[in-house]
Amino acid sequence: MTASTHELSPDPDRAQRSPMRSARDVAPLRQMADRDRDKGTPCDLLRLQRMAGNKAVTAVLSVQRSPEDDRKAEDGLRAAQRRVYRLLEPETVWDRVRTGAGAASIPNDNAARDPDRLFANSVEWIRKGWSSLCVVAPVPGAPKETLFFDGTVTYPRVGAQVSNTVVLPGDGAGYTDHEQRRIYLYMRPGKEPDDDQVRNLIVHEVQHVADVEPPMSEEDIRKEEAARAAEDTSARTDEEKREQARRDRIAWRSYQSEFRAYWLQSLQRPPQMKGGKWLDWGPYGEFGSDLASGHDVKVVDTLGVVKGRRGCLPEITVRFSNEKQARIADHLLNHVSVFGAVFLCSQGFRDQVVSLTAPQGVNLVNSIRIENLRRALTPNTSPWNGRVYVNEGAVVDWTKALDDTDFAFLKDPSASRPFWDQAKAALRQELYDWMFNYIKQGKTNVPPPVASPEAPSR
Ligand SMILES: [Zn+2]
């Protein structure tokens, strides 16, 4: 429902249920959006959702349960934890891919599109402790599913006590807490995700952690919003235009984050080589193919969220250029009321959403090697003399540690543009050139430029 929770797939039951549920949620969400509007992180929508969720806690706590209900729920959660952990354990996909023991090979140029490699990287991310994984279930008898347990047990531990509760956004199949780098997977009795869905969810949620955008300064935020408000040609007042610009900015960052995560969780397997023969493209993910042509998507204000707001449309139909883009957009705009509302009220946001035909990000392969490199590219301040510097040795080391999947992603100029923008801003020209040639031209025998103590730093 929010920037980091999501449904596994469009589900007809859900579509019918959602107007009732969402109608209750929208008003508090909007009030909180107003209150929170000066903060610019992509987590804004998450925070809003979580705050909305807290409102339901009082009701939940008054529910009477029997000790047998609790025991049954605890047993169920422990079984679910074991099942999820088995997917992450050695001698599964992770080791098969790492050791090259898979049955078929994918040419390197397509490595970044291989769902097995994406899952293997995501598993490595969790197994090496870069994110904690917490498999939770709803507290039995909760009227609204925002109260979960056991918030204290993380992979690889098995354990469950109903009394160890944690409040999480109730919608969706999982949730990622960016600040804590913790991933929650929801196991609702009778509606537990199957193994493939768990794999997709893990890829989705790890992407939310791997997807680190440089923070924007207050000044940049003000500039961006002022520019956007100036472009607003609707009949709004200046104050309304500024308010819409704030909503646009928050929604756009969150939308891109969800778009990346949904895209990666539903990759289509590229052609493989097996026994000297080319196999065909694998089956599409749940959102179809990015190679197929797009279609019209109708976004309707069924809940009346934007009714009476100046500059907003009751509905609009927009054409998207590829199938996968269109189906993810349909899902986000028609199931996440915040996205739908901004879409109906802002030409600028509509233009951005339509122009997002494929994801771009710093780490679209959930790789801990790229994460290490990204961190090395982040400037430090010396505790000795206050000088701002980049650890060039670490940049060189982590560049040399990249694997085929990382190369495939970083060679794609469009998908990896945010990464290269960051590298360009952080590095002196000689080192940037070395890294660029090493990764993009395969010049792995060229030694890196020697760092001089006098080298100007930024
Ligand atoms: Zn998400």
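Residues are counted from 1 along each chain as its sequence is written. Because the model is predicted, local features need pLDDT of at least 70 and side-chain atom pairs count only at pLDDT 80 or more, while totals for chains, interfaces and linings use all residues. Helices (H or I, at least four residues) and strands (E, at least two) are DSSP runs, numbered from the N terminus.

Five strands form an open sheet in the order β3-β2-β1-β5-β4, with mixed pairing; two strands pair if DSSP finds at least two bridges between them. β3 (165-167) and β4 (174-177) stand at the edges with a single partner strand each, so one side of each is left without a neighbour in the sheet. From one strand to the next, the twist averages 35°. Angles run from 0 to 180 degrees between N-to-C directions, and axes are lines fitted to C-alpha atoms, for helices over the stretch in contact. β3 pairs with strand β2 (residues 147-149) in the antiparallel sense over three bridges, and threonine 165 in β3 is the bridge partner of phenylalanine 149. Helix α7 (residues 195-210) packs on the sheet, where α7 touches β4 and β5 and makes about 25° with the direction of β4. Helix α4 (residues 67-88) lies across β1 (132-138) and β5 (182-186), at about 145° to β1.

Next comes a pair of helices. Helix α9 (residues 238-265) packs with helix α10 (residues 323-335) at an angle of about 125°, and their axes are 10 Å apart. That angle makes α9 oblique to α10, since angles under 35 degrees count as roughly parallel, over 145 as roughly antiparallel, 65 to 115 as roughly perpendicular and the rest as oblique. Which residues of α9 meet α10? They are Tyr255, Glu258, Phe259, Tyr262 and Trp263, which meet Lys324, Ile328 and Leu332 (contact: C-beta atoms, placed from the backbone, within 7 Å).

Key: Two residues are in contact if their C-beta atoms, placed from the backbone, lie within 7 Å.
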